[in-house]
Amino acid sequence: MLFRSAGPAAPQGPTPESSRSTLDTDGMLSEWGARLFYPIPKGKGGGGGGKLPLLTTVAALTAVMSPNEVRSRVRSTVSPGATQVMVKITGGGRGMKAIAAHFRYIGRQGKEEVGGKGKTLEIEDERGEKIQGRDGLVQLADEWRVAGAYIDDDSPRREAFNIVFSMPVGTPPEAVRAATAEAARELFEGHKYVFVMHEDQGAPHVHLSVRADRYDGVRLSPRKADLDRWRAVFARNLQDRGVNAVASRQPVRAANRNYRKLWEERAAGRGQLTRQRPAQRTSARALAVRADAIKAWEQIARALASSKDPSDVRLAVEAVRYLSEVAPGGKDAAQMAGQLAKKQEADRSAVERGTPLRPDVSKGPRR
């Protein structure tokens, strides 16, 4: 059921079929787009679990996400060949000793690939200045120690965050580096940070370390929503550089992958991982979130298929293809949405030929 927004009284008289169809399509896109892309966190609103509050109206949903924004997000998600970005917090230094050790690690100090003892990769800071060599890293650590609240060698709290911005093999490394640099300027303004590009492990990735304290004393305290925003900014900057990158959350993709934790990745690399994590999450919560996402995709595809705009119908076809190919359990929903899209197209062709439309008896007699 679609709720109508409060506002000026509508003019009397019949609403043209095309206008009514557009209103219905936009209302459904706002409602189901909000459910898919901006689910209400557990324990919030109408019972949590990504459900909308009972009193939520289309007007409120439109304020969260406009119909055109939903179209844009759907289009980028289902785009053929689109690649998911990866942004991950890999740790952080509790004290200057750990931070300096991370500088040496990302700079590959003393490694043969950068020339041996005392040599490092070129590291860039928030001012665009380049740091290289053992002495440069020592000077960098001394500068970070006193840039704001003093950092002791050992600290009870996290004084820096280590973050990796990564893309798959085949992505132009310079685009990854430039997109990360631009994202860091936007996301960590007022913080000290450094970053360095790594290409030697196949997938191009950038290690970034950011000081937790900002110049004005505000501390960085990233949550899940912040990571989603970081990924979106990274993807946007990659798109600006011609890379077909997207940043959609697992629930949006109706996916349910169970990623390894950092320590598990490292143990696996050493051949010391004794127990494999299941490939898919199977908790009741994870399964419910995936089912909600599949339902939202189905309703979005239905809304687009019922539009009078040919571009919406084409997008519905792409959404159906995506749902069928990517979303676990989405095949049946995709078939239903596809049948609706075919019916809408057949009805449109019949109208153009002047052929009377056959009633849809599946819905029963109209009252």
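These legends accompany several close-up views of one predicted protein model.

**About the model.** Residues are numbered from 1 along each chain as its sequence is written.

**View 1. The whole protein.** The protein has 11 helices and eight strands. Helices (H or I, at least four residues) and strands (E, at least two) are DSSP runs, numbered from the N terminus. Of its 367 residues, 41% count as buried. Buried means under 20% relative accessible area, exposed over 50%, and partly exposed in between (1.4 Å probe, protein chains only). Take the contacts between residues at least 6 apart in sequence: 68% of them join residues at least 24 apart. A contact means heavy atoms within 4.5 Å. The accessible surface comes to about 20,700 Å², and 52% of that belongs to carbon and sulfur atoms. Such areas come from the Shrake-Rupley method with a 1.4 Å probe; for residues, only the protein chains shown count as cover.

**View 2. The largest nonpolar core.** This core has 29 residues. Among those with the most contacts inside it are Ile163, Met167, Phe188 and Phe234. Strand 5 (160–166), helix 6 (173–187), strand 6 (193–198), strand 7 (205–211) and helix 7 (224–240) each give two or more residues. The largest share, seven residues, comes from helix 6. A second, separate core of 23 residues includes Val70, Val74, Val78 and Ala316. A nonpolar core is a set of buried Ala, Val, Leu, Ile, Met, Phe, Trp, Tyr and Cys residues joined through side-chain atoms within 4.5 Å. In soluble globular proteins, nonpolar side chains tend to be buried together.

View 3. Seven of the seven residues of strand 7 are buried. In a regular strand the side chains alternate between the two faces of the sheet. Here both faces are covered: His205, His207, Ser209 and Arg211 are buried on one side, and Val206, Leu208 and Val210 on the other. Strand 5 pairs with strand 7 in the antiparallel sense over seven bridges. Phe161 stands opposite Val210. Strand 6 also pairs with strand 7 in the antiparallel sense, over six bridges. Phe195 stands opposite Leu208. Two strands pair if DSSP finds at least two bridges between them. The hairpin of strand 6 and strand 7 has six residues between the strands, and Gly202 takes a positive phi near 95 degrees there.

**View 4. One side of helix 4.** Which residues of helix 4 (residues 96–106) are buried? They are Met96, Ile99, Ala100, His102, Phe103 and Ile106. They cover an arc of only 155 degrees around the axis, so they lie on the same side of helix 4. The arc is that of the directions from the helix axis to the C-beta atoms. These buried residues pack against strand 3 (123–125), helix 5 (134–146), strand 5, strand 6 and strand 7. Just after helix 4, Arg108 takes a positive phi of about 55 degrees.

**View 5. Trp144 in helix 5.** Trp144 sits in helix 5. Its relative accessibility is 0%, so Trp144 counts as buried. Leaving out residues up to four places away in sequence, Trp144 touches residues including Met96, Ile99, Phe103, Ala160 and Val210. Trp144 and Ala160 are 16 residues apart in sequence and 10.0 Å apart in space, C-alpha to C-alpha.

Definitions and conventions
This is a predicted model: local features need pLDDT of at least 70, side-chain atom pairs count only at pLDDT 80 or more; totals for chains, interfaces and linings use all residues. Side-chain values use heavy atoms; hydrogens and water are left out.
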